[in-house]
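Opening the notebook on a new chain. I'll go through the fold, the overall dimensions and the surface.

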Amino acid sequence: MREKADYRNNIEQLNLKFPNKDMLNISDVARFTGFDRKKVKSVFGKEFKIYGGSKSISKAALARLIS
């Protein structure tokens with residue numbers, strides 16, 4: 001599978017914004033994208049999985065989605 005054009009830039013920005021996290025919650029994604037929580041849920045909701053009792057998405061998955 002070919003890497004999307006902006007994937008590396010997006011993952012780099014996510015790593016700068018969230019250096020100590022591999023999994024992001026809805027609030028993290030809202031802060032990063034500038035969307036409100038409701039918009040994050042409608043756009044990316046099906047991509048969130050339950051980890052440790054809360055819904056999260058990996059930085060790699062988010063970078064792919066926004067590329």
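In what order do the elements of the chain run from the N terminus on? I read α-β-α-α-β-β-α, with four helices and three strands in total. I took these as DSSP runs numbered from the N terminus: helices are H or I with at least four residues, strands are E with at least two.

Bookkeeping: this is a predicted model, where local features need pLDDT of at least 70, side-chain atom pairs count only at pLDDT 80 or more, and totals for chains, interfaces and linings use all residues. Residues are numbered from 1 along each chain as its sequence is written, and side-chain values use heavy atoms, with hydrogens and water left out.

Sheet next. I found an open sheet of three strands, ordered β1-β3-β2, with antiparallel pairing. β1 (23-24) and β2 (49-51) are at the edges with a single partner strand each, so one side of each has no neighbour in the sheet. Pairing requires at least two DSSP bridges between two strands; β2 and β3 (residues 54-58) have three. I also looked up Y51: its bridge partner in β3 is S54.

Then dimensions. The radius of gyration is 11 Å, which agrees with the value near 11 Å for a compact globule of 67 residues. That is over C-alpha atoms, with the globule rule being 2.2 Å times the number of residues to the power 0.38. The C-alpha box is roughly 30 × 25 × 25 Å along the principal axes.

Last, burial. I get 28% of the 67 residues as buried, meaning under 20% relative accessible area (1.4 Å probe, protein chains only).

Methods. Buried < 20%, exposed > 50% of the residue type's maximum accessible area, 1.4 Å probe, protein only.
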